[in-house]
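Work through the exercises below with the sequence and the model at hand. Each task is followed by a solution in steps.

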Amino acid sequence: MIQIIQQREKCIGCNACVEVAPYRWRMSKKDGKCTLVGAKDKKGYYVLNTFDEEWKDNVLAANICPVKIIKVMQL
Ligand code: SF4
């Protein structure tokens, strides 16, 4: 399993994460920030545990996020 964390408040809505992992990231029409699909809000940090198969795409998302608010860890 892996864990993905997003500090959503700081998202600038650049869409980069959506482009590399569209099954996991979605742009919100409400506030122009992206949403980590399936994540739970833990005091502003959106946290999701998911399968190892998502590692590569989401590490790429973390690396290209211009404001560095995505973290991916092995559990
Ligand atoms: S790459 Fe970062 S700043 Fe861009 S939409 Fe995703 S979380 Fe937001």
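**Exercise 1: the sheet**

Find the residue that stands opposite Gln6 in S5.

Solution. In this predicted model, the residue of S5 opposite Gln6 is Tyr46. Next, take the two strands as a whole: S1 (residues 2-7) and S5 (residues 45-50) run antiparallel and are joined by six bridges. Then place this pair in the open sheet, which has four strands in the order S4-S5-S1-S6 and antiparallel pairing. S4 (40-42) and S6 are the edge strands; each has a single partner strand, so one side of each lacks a neighbour in the sheet. From one strand to the next, the twist averages 25°.

**Exercise 2: the helix on the sheet**

Determine which strands helix H2 touches, and give its direction relative to S6.

Solution. H2 spans residues 55-64 and packs on the sheet. The strands touched by H2 are S1 and S6. The direction of H2 makes about 145° with that of S6.

**Exercise 3: core and ligand shell**

Identify the residues with the most contacts inside the largest nonpolar core, then examine Cys17.

Solution. The core has 13 residues, and those with the most contacts inside it are Cys17, Trp25, Ala61, Cys65 and Ile70. Strands S3 (34-36) and S6 (70-74) are the elements that give two or more residues to this core. Setting aside neighbours within four places in sequence, Cys17 is in contact with Trp25, Cys34, Ala61, Cys65 and Ile70. Now turn to the ligand: 14 residues surround it, and Cys17 is among the closest, with Cys11, Cys14, Cys34 and Cys65. Sorted by type, the shell has eleven nonpolar residues, three polar and no charged.

Terms used. Residues numbered from 1 in each chain as written. Predicted model: local features only at pLDDT ≥ 70, side-chain atom pairs only at ≥ 80, totals over all residues. Near = placed C-beta within 6 Å. Nonpolar A, V, L, I, M, F, W, Y, C, P; charged D, E, K, R; others polar. Core = buried A, V, L, I, M, F, W, Y, C linked by C-beta atoms within 7 Å. Buried ≥ 20, exposed ≤ 12 C-beta atoms within 10 Å, placed from the backbone. Contact = placed C-beta atoms within 7 Å. Pairing = 2+ DSSP bridges. Axes fitted to C-alpha atoms, helices over the stretch in contact; angles between N-to-C directions.
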